[in-house]
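Let's take a walk through this fold together, with the viewer open beside you. We will go from helix packing to the sheet, and then stop at a loop.

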Amino acid sequence: MAGARAAAAASTGSSASSGNPQPQEPGLGELLEEFSRTQYRAKDCSGTGGSKVEHIEKRCLELFGRDYCYSVIQNVNGDICGHYPQHIVFLEYESSEKEKDTFQSTVQVSKLQDLVNRSKTARCRGRFVCPVILFKGKHICRSATLAGWGELYGRTGYNYIFSGGADDAWADAEDVTEEDCALRSDTHLFDKVRGYDIKLLRYLSVKYICDLMVENKKVKFGVNVTSSEKVDKAQRYADFTLLSIPYPGCEFFKEYKDRDYMAEGLIFNWKQDYVDAPLSIPDFLTCSLNIDWSQYQSWDLVQQTQNYLKLLLSIINSDDDSGLLVHCISGWDRTPLFISLLRLSLWADGLIHMSLKPAEILYLTVAYDWFLFGHMLVDRLSKGEEIFFFCFNFLKHIISEEFSALKTQRRKSLPARDAGFTLEDICMLRRKDRGSTTSLGSDFSLVMESSPGAAGSFTYETVELVPAGTQTQAAWRKSHSSSPQSVLWNRPPPPEDRLPSHQGLVEAKSSSSSSSNHSDNFFRMGSSPLEVPRPRLSALSERETRLQEVRSAFLASYSSTVGLRAAAPSPSGAIGGLLEQFVRGVGLRGTSSSTV
């Protein structure tokens, strides 16, 4: 206990050293305490525990209501899904306080509720497609993967028997046939159930489906218990843009914990027998990201998470009006990881939840994206599968403008002096095609160099200090792993998790300004002058600061609540690996050299 108190003090001290400690959201500690003690189930929301959950849900509704007008899909007692919130929020549009009194719903809630009821059987564990984030009028949704025939028959048969032969989850009231009730035709049943799932996706204007599974179908005891859109034999989802972006499951994050919470150099073992889903992304979604996707099996956990997040951000920030669905198998481990990172990244840019403070957005994403959507933190902690901790600790790796949705918006808004050659065209040029950036304006140099060119796989430090080619490969050393889940590589740690110093930017500006004749706001390429904005260092600093404050608040609360319990099972009574990290001093700012 003394060590735990020291750990909490260490985290608080680190926060204080980087500025004033961030005030915690009222109830955040209680939320984490409840989260780490019991598994949320909508049907159990009664008694003392139920009042706590009701308070958590009420707080979430209040935080959503700060910036949005919304409707509610009722899931009282888990009637629709046992591990979804009792009050599922359907965000309709952004609004100010004055507009809340004149709210007019843009959706037929009864129709949506009915569609949800009918479509839920199509997905594993009944975890239907659920909108959770609204960005630029687009719904970002989450769900489980498609149910396989075993679960589908079992669930519909159970519902049919215990509902007296009337299962509204998948049968139309006006066209129930003997064939439907007898469940005689596999094709007919799948057409029926998945047809409702497709109707719901279209109702939500979802076009892009990102599948995080590392397998095409989940197999247990030789039975396909789940399926996925990418292997639907009837090609029912052919009208959607399907992305297979395999990402390690929660079991892999035990390796993360066992490696002292070091994600750098931790590579998933893609040669395991059950891994059969290759990465598959349409070319038109990858051409602007400057990432070598063919190397995805060599990425460590940090690089893989960063690159996948960049992909998701580019999809939702495109000119397309279509929404996005993200899912894994059950939709309560990998799915909330990326949903939470998306919510926090867009919030840090000031694009969603604009009125929420760092402590408030942290409470909202922990409570809604993780707790109320059924993440089994109790089970994961007992097994050391620290994917929940990884999510918020990972914020230090996405503070740069590479992950900002504002960057693309600013670029699109630039006025082009010559319609035949735009800034977007220039930014798409490879380094060898651009020539020396020092021959251009200093501001353009900073814009072009804001993102590393090595497929998003390196930090700024490695771009500057690590040589390319065989020398880089030689700097890595393969080491033994005790688990088939991972292949470990050791590499020299980066000097710091930080952005390039402003001093370096000043030096770049002075060197380039001495070699070219230009104004601060323009550069010339041939006869086509093009206005380039000055780099918004203040905006970048604001994003960094906001994400650091969220991470700081999380680590402080986690160390004083969940951290204590994580250390308890140790037979020797010694502090576990997590608290050891805190005792050594949690680096609450991304600019620290802490490896937490």
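Are helix 2 and helix 12 roughly parallel or roughly antiparallel to each other? Before answering, bear in mind that this is a predicted model. Find helix 2 at residues 28-35 and helix 12 at residues 358-371; their axes come within 10 Å and cross at roughly 20°. Angles under 35 degrees count as roughly parallel, and therefore helix 2 and helix 12 are roughly parallel to each other. The hand of this crossing is left-handed. On the helix 2 side, the contact is made by Leu28, Leu31, Leu32, Glu34 and Phe35, while helix 12 brings in Leu362, Tyr363, Val366, Ala367, Trp370 and Phe371. Sorted by class, that makes 10 nonpolar residues, one charged residue and no polar ones.

Stay with helix 12 for a moment, and turn to its meeting with helix 11, which spans residues 334-348. The axes of helix 11 and helix 12 also come within 10 Å, and the crossing angle is roughly 155°. An angle over 145 counts as roughly antiparallel, so helix 11 and helix 12 are roughly antiparallel to each other. Their crossing is right-handed. If you colour the contact, pick Pro336, Leu337, Ile339, Ser340, Arg343, Leu344 and Trp347 in helix 11, together with Pro358, Ile361, Thr365, Tyr368, Asp369 and Trp370 in helix 12. This contact has nine nonpolar, two polar and two charged residues. Notice that Trp370 is listed in the contact with helix 2 and also in the contact with helix 11.

Five strands form an open sheet in the order 3-4-10-5-8, with mixed pairing. Strand 3 (130-135) and strand 8 (241-244) stand at the edges with a single partner strand each, so one side of each is left without a neighbour in the sheet. On average, and ignoring direction, neighbouring strands here are turned by 20° against each other.

Strand 4 (residues 138-143) runs parallel to strand 10 and is joined to it by four bridges; Cys141, for example, has Leu325 as its bridge partner in strand 10. Strand 5 (residues 206-211) is parallel to strand 10 too, with five bridges joining the two, and Asp211 stands opposite His327.

How well covered is strand 10, and what sits on each face? Strand 10 covers residues 323-327, and five of its five residues are buried. Gly323, Leu325 and His327 lie on one side, with Leu324 and Val326 on the other, and both faces are covered. Helix 10 (residues 301-316) lies across strand 3, strand 4, strand 5, strand 8 and strand 10, and runs at about 155° to strand 10.

One last stop is the loop between helix 9 (253-258) and strand 9 (266-268), where you will find Asp260. Asp260 has a positive phi of about 65° although it is not a glycine. Tyr261 lies in this loop between helix 9 and strand 9 as well, and its phi, near 60°, is likewise positive in a residue other than glycine. Are these residues buried or exposed? Asp260 counts as partly exposed, at 27% relative accessibility, whereas Tyr261, at 1%, counts as buried.

Conventions
Residues numbered from 1 in each chain as written. Predicted model: local features only at pLDDT ≥ 70, side-chain atom pairs only at ≥ 80, totals over all residues. Heavy atoms only, no water. Axes fitted to C-alpha atoms, helices over the stretch in contact; angles between N-to-C directions. Parallel < 35°, antiparallel > 145°, perpendicular 65-115°, else oblique. Left-handed = near helix turned anticlockwise from the far one by under 90°. Contact = heavy atoms within 4.5 Å. Nonpolar A, V, L, I, M, F, W, Y, C, P; charged D, E, K, R; others polar. Buried < 20%, exposed > 50% of the residue type's maximum accessible area, 1.4 Å probe, protein only. Pairing = 2+ DSSP bridges.
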